[in-house]
Amino acid sequence: MKFETAAPPHAVPVRGVPQIMRRVLLALVPAAAAYTWFFGFGLLINFVIAALAALVTEAAILKLRRRPTRRALRDCSALVTAALLAFALPPLLPWWIPALGGFVGIALAKQLYGGLGKNLFNPAMVAYVLLLVSFPIQMTQWVPPRMGDIDYRPLGFVGTLRYSLYEELPPSQSLDALTRATPLDTVKEGLRSQRTFEELRGLSLIGTFGGRGWEWVNNFIALGGLYLLYAGIIRWQIPVAVLAGLLVPAGLLHLLDSSRFPSPAFHLFSGAAMLGAFFIATDPVSAATSDRGRLVYGAGIGVLTYAIRTWGGYPDGLAFAVLLMNAAVPLIDRYTQPRIYGHSAG
């Protein structure tokens, strides 16, 4: 019997980078729709601006390096960086801030290290942290969610775009009237002023178990994350470890003193915990590579996020936690690699 044998190579990857990146973008669509419903069109405008800046920057740098540009631009990795950055940015921003973020994420955090697959730090989080420490006023101007009894003043697509391009608002509205502190910031400042968490739960920005509006956005982010798990795009170790690293200390301290320490559910559904657990910490390039290493890496992100939120200077420390654990990945990988058969451990 004759068996036909195809010419090598015989092994082909089930998924390439473009397919993986497109699925990540697809998984973010429900959360983006919920975010737009509750917080307006700023996410979409910031994404388009950041994506254009990221793609132009990538093309320009690859051109300077005399590398092919078409394949890199089509792999959608720059679009994923822009999408994650857009989720982290406040909806009302002048256009040059997301543009600068797109440039920084690609130029400094990705191409400076050699391009796709060689970056040590998550590009979106590098860009976000640089913007946060450089422009703290603009980066803390969040709008309240579209909820029944909250003083939400919809700006609309044209109004949001006009503010992004020209920093102009309708005559009857001001930036102070449109923006509010985030639920995490509200609770953090309230606890510092000696109010109890139970008192703060009665504020209009706080919902049933998390920040109002943020509860729904985080639910849809988790839905997208479960899709990535089902599709085999990400492994379970990092999301579970990140959430456990955040929830365990939050639960223990809340049990010890519920007036000073917010509930675990509040931590989970009020900030970037879900986005970080499923979409940011799972970056295959900057994360740990072994199963045990992923658990250590994810747990470190969760614990650091809780520590920064509780005792640090920023209301949500996930971006800082991701970058700190990115820096620790070489050490984690060194001590968590599985033993090679026939060799002793270590």
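This report looks at the salt bridges and one threonine of a predicted model.

## How to read the model

Residues are counted from 1 along each chain as its sequence is written. In this predicted model, local features need pLDDT of at least 70 and side-chain atom pairs count only at pLDDT 80 or more, while totals for chains, interfaces and linings use all residues; side-chain values use heavy atoms, with hydrogens and water left out.

## Salt bridges

Side chains of opposite charge can pair when their charged atoms come close. The structure holds six salt bridges (a side-chain nitrogen of Lys or Arg within 4 Å of a carboxyl oxygen of Asp or Glu). One of them joins Glu58 and Lys110, with the closest N and O atoms 2.9 Å apart. Glu58 lies in helix H2 (residues 42-64) and Lys110 in the loop between helix H5 (96-107) and helix H6 (123-134), so the pair ties together parts that are 52 residues apart in sequence. Helices here are DSSP runs (H or I, at least four residues), numbered from the N terminus. Both Glu58 and Lys110 are buried (under 20% relative accessible area; exposed is over 50%, partly exposed in between, with a 1.4 Å probe and protein chains only).

Now look at Asp291, which forms a salt bridge with Arg294 at 2.8 Å between the closest N and O atoms. Asp291 is partly exposed at 36%, whereas Arg294 is buried at 14%.

Thr179 sits in the loop between helix H8 (175-178) and helix H9 (183-192). Thr179 is buried, with a relative accessible area of 14%.

How values were computed
Helix = DSSP H or I, 4+ residues; strand = E, 2+ residues; numbered from the N terminus.
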